[in-house]
Amino acid sequence: MNPPTNKDAHERARTLIALARPEAPSGSDQTWLAAHLETCASCRAFAENVRETVHGLRAIPIAAERSLVSTTQTRVRRRALELQRHRERLWLVSVSCIAVTLSALLSAVALWRGFEWLGGQARLASSVWQVGFLVFCVMPALVAGILLLARDTHLADHTGSYEG
Ligand SMILES: [Zn+2]
């Protein structure tokens, strides 16, 4: 084993094998390579490997086309599924919206009845319990609005402190 020169020779041989094109006419490099392959079993094996790989690569286009078709089909199927899920989600959201609206209406009606009853029990003027009902209904939205406003100012303060 003479590592440096031998290694260089193998390296050169393998580079030539890897870069060789069948249609390229053989120059002095190819002559040298042929001579090297005569004497070097491992580079001969490498060349054989490359030949087999190239042969195998020639068979790929058909396989690639086939896999392309199946990939496209998979993608189309996945997209269709996504669309279906999207539609289902939309349907779910609409149904929840309707349910929320209905329950809000129902609870408003119930509240109205409750306030009416309470007003009757307390012998209040109808305007009084009606105002009470309105305040009671508006209160959650009012509180939520105040909380959101507070959060917004809080966030604004934060970004302000980051910039400043
Ligand atoms: Zn060699």
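This is a short chat about the structure shown above.

Visitor: Hi! What kind of model is this, and how are residues numbered?

Guide: It is a predicted model, where local features need pLDDT of at least 70, side-chain atom pairs count only at pLDDT 80 or more, and totals for chains, interfaces and linings use all residues. Residues are numbered from 1 along each chain as its sequence is written, and side-chain values use heavy atoms, with hydrogens and water left out.

Visitor: Thanks. How many helices and strands are in the protein chain?

Guide: The protein chain has five helices and zero strands; helices (H or I, at least four residues) and strands (E, at least two) are DSSP runs, numbered from the N terminus.

Visitor: Is His36 buried or exposed?

Guide: His36 has 10% relative accessibility, so it counts as buried. Buried means under 20% relative accessible area and exposed over 50%, with partly exposed in between (1.4 Å probe, protein chains only). Cys43 is buried too.

Visitor: Where does His36 lie, and what does His36 touch?

Guide: His36 lies in helix α2. Not counting residues up to four places away in sequence, His36 touches Ala9, His10, Ala13 and Cys43; contact means heavy atoms within 4.5 Å.

Visitor: How do α2 and α3 cross?

Guide: The axes of α2 (residues 28–39) and α3 (residues 41–58) come within 6 Å and cross at roughly 115°. The two helices are therefore roughly perpendicular to each other, a label for angles of 65 to 115 degrees. His36, Leu37, Glu38 and Thr39 of α2 make the contact with Ala41, Cys43, Arg44 and Ala47 of α3.

Visitor: New topic: what is phi of Arg123, and where does Arg123 lie?

Guide: Phi of Arg123 is near 50°, a positive value in a residue other than glycine. Most residues other than glycine have a negative phi. Arg123 lies in the loop between α4 (60–121) and α5 (126–163), and at 76% relative accessibility Arg123 counts as exposed.

How values were computed: Axes fitted to C-alpha atoms, helices over the stretch in contact; angles between N-to-C directions. Parallel < 35°, antiparallel > 145°, perpendicular 65-115°, else oblique.
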